[in-house]
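My entries follow in the order in which I looked things up.

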Amino acid sequence: MTKRYILFDLDGTITDSSEGITKSVQHALKKLGIEENDQAMLRRFIGPPLDESFEKFYGFDKEKALKAVDYYRERYSDKGIYENVLFDLSLIHISEPTRRS
């Protein structure tokens, strides 16, 4: 079987998307009247589902958490998606896939 495609997981693997994520979380919180500048707190949103993070870290009920996710997406889809940088790719070794029998 000939393989023609290679898929990469960009987010968090090849690119650092933390800036776009944390700024979008800040945006959502600000729309809800909360100023958050603690980067450690904001970075906790990277990885887990956003609605669960808003509930866990800020005590939002489900409805408010989903509204926060809407505000997050409002900014992320416009700006946050572009606020990421490549990791140092010299640390990644990509070679020709080996043939398995």
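In which helix is R75 found? I find R75 in helix α4; helices (H or I, at least four residues) and strands (E, at least two) are DSSP runs, numbered from the N terminus.

**Basis of the entries.** I note that this is a predicted model, in which local features need pLDDT of at least 70 and side-chain atom pairs count only at pLDDT 80 or more, while totals for chains, interfaces and linings use all residues. Residues are numbered from 1 along each chain as its sequence is written, and side-chain values use heavy atoms, with hydrogens and water left out.

**Entry 1: the chain.** I count 4 helices and 2 strands in the protein chain. Along the sequence they follow the pattern β-α-α-α-α-β. Of the 101 residues, 30% count as buried; buried means under 20% relative accessible area, exposed over 50%, and partly exposed in between (1.4 Å probe, protein chains only). I also looked up contacts, defined as heavy atoms within 4.5 Å. Among those with a separation of 6 or more, residues 24 or more positions apart account for 60%.

**Entry 2: R75.** Is R75 buried or exposed? R75 counts as buried because its relative accessibility is 15%. Leaving aside residues up to four places away in sequence, R75 touches G20, K23, S24, H27, G80 and E83. With E83, I find a side-chain to side-chain polar contact of 2.9 Å. A polar contact is a pair of N or O atoms within 3.5 Å; within protein, one must be able to donate a hydrogen and the other to accept it, and residues adjacent in sequence count only if both atoms are side-chain atoms.

**Entry 3: α1 against α4.** Two packed helices are described by the angle between their axes and the distance between the axes. For helix α1 (residues 18-31) and α4, I record an angle of about 130° and axes 8 Å apart. Axes are lines fitted to C-alpha atoms, for helices over the stretch in contact, and angles run from 0 to 180 degrees between N-to-C directions. The pair is therefore oblique; angles under 35 degrees count as roughly parallel, over 145 as roughly antiparallel, 65 to 115 as roughly perpendicular and the rest as oblique. From α1, the contact uses G20, I21, K23, S24, V25, H27, A28 and K31, and from α4 it uses A68, Y71, Y72, E74, R75 and Y76. I sort the residues of this contact into 7 nonpolar, 3 polar and 4 charged. Here Ala, Val, Leu, Ile, Met, Phe, Trp, Tyr, Cys and Pro count as nonpolar, Asp, Glu, Lys and Arg as charged, and the others, Gly among them, as polar.

**Entry 4: α3 against α4.** Helix α3 (residues 50-58) packs on α4 at an angle of about 125°, with the axes 8 Å apart. That angle makes α3 oblique to α4. L50, D51, F54 and E55 of α3 meet K62, A65, L66, A68, V69 and Y72 of α4. This contact divides into 7 nonpolar, no polar and 3 charged residues.

**Entry 5: K62.** I place K62 in helix α4 (residues 62-76). Which residues does K62 touch, not counting those up to four places away in sequence? They are D51 and E55. The K62 side chain makes polar contacts with the side chains of D51, at 2.9 Å, and of E55, at 3.0 Å. K62 is partly exposed, because its relative accessible area is 41%.
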